[in-house]
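Please look over the sequence and the 3D structure shown here before reading on. The paragraphs below are meant to be read alongside them.

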Amino acid sequence: MTKALNSSSMLTSNTLAIVDQMSTVLTSFQLPSLSRRLLAENEVSDRREFPEWFHHERRRLLALSPQEMKPDATVAQDGSENYKTISEAIAAAPEKSNKTSSGTKR
């Protein structure tokens, strides 16, 4: 059993060494498709720490408190709001709109 564990440990160590060496070789080629970059890394643009790729309109929406948000659609089964069902609210939403909408269900 000890011999099998030592053998397994040796094979794992050799495999990790090969992967490490391959990574070094590939990095030296500086191929753009092989480079890895975290989107949030060094791209913080405001005090809420949203990455640059996160559109400013959506950042503004996320920064609002629930009291400051005004829903575009409100659904209530009893009919006291804009729509009785979520399906009705979705059907009423404009097609091909870039606007981020919000809603509430009561």
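What follows goes from the overall layout to one helix and its surface, and then to the confidence of the model.

This is a predicted model, and its chain holds three helices and two strands, which run in the order α-α-β-α-β from the N terminus on. Of the 106 residues in the chain, 8% are buried. The chain exposes about 9600 Å², and carbon and sulfur atoms supply 55% of that area. Among the contacts in the chain with a separation of 6 or more, 35% are accounted for by residues 24 or more positions apart.

Helix 1 covers residues 2–28, which makes 27 residues, and it reaches 39 Å from its first C-alpha to its last, close to the 39 Å expected at 1.5 Å a residue. After helix 1 comes Gln30, whose phi is positive, near 50°.

Which residues make the nonpolar surface patch of about 540 Å²? The patch is made by Ile18, Met22, Val25, Leu26, Phe29 and Leu31. One of these residues, Val25, has its place in helix 1. With a relative accessible area of 33%, Val25 is partly exposed, because a residue counts as such when its value lies between the 20% limit for buried and the 50% limit for exposed.

The average pLDDT of the chain is 77, and 75% of the residues score at least 70. Among the elements, helix 3 (residues 86–92) has the highest mean pLDDT, 88, whereas strand 2 (residues 103–105) has the lowest, 62. Over residues 43–47 pLDDT stays under 50, although the model has 12 contacts beyond four places in sequence for them. Where pLDDT is low, the predicted coordinates should not be read in detail.

How values were computed
Residues are numbered from 1 along each chain as its sequence is written. This is a predicted model: local features need pLDDT of at least 70, side-chain atom pairs count only at pLDDT 80 or more; totals for chains, interfaces and linings use all residues. Side-chain values use heavy atoms; hydrogens and water are left out. Helices (H or I, at least four residues) and strands (E, at least two) are DSSP runs, numbered from the N terminus. The expected span of a helix is 1.5 Å times one less than its number of residues. Buried means under 20% relative accessible area, exposed over 50%, partly exposed in between (1.4 Å probe, protein chains only). Contact means heavy atoms within 4.5 Å. Accessible areas come from the Shrake-Rupley method with a 1.4 Å probe; for residues, only the protein chains shown count as cover. Patches are made of residues with over 30% relative accessible area and no salt bridge: like charges are joined within 9 Å, nonpolar side chains (Val, Leu, Ile, Met, Phe, Trp, Tyr) within 5 Å. A salt bridge is a side-chain nitrogen of Lys or Arg within 4 Å of a carboxyl oxygen of Asp or Glu. pLDDT is the predictor's confidence in each residue, from 0 to 100.
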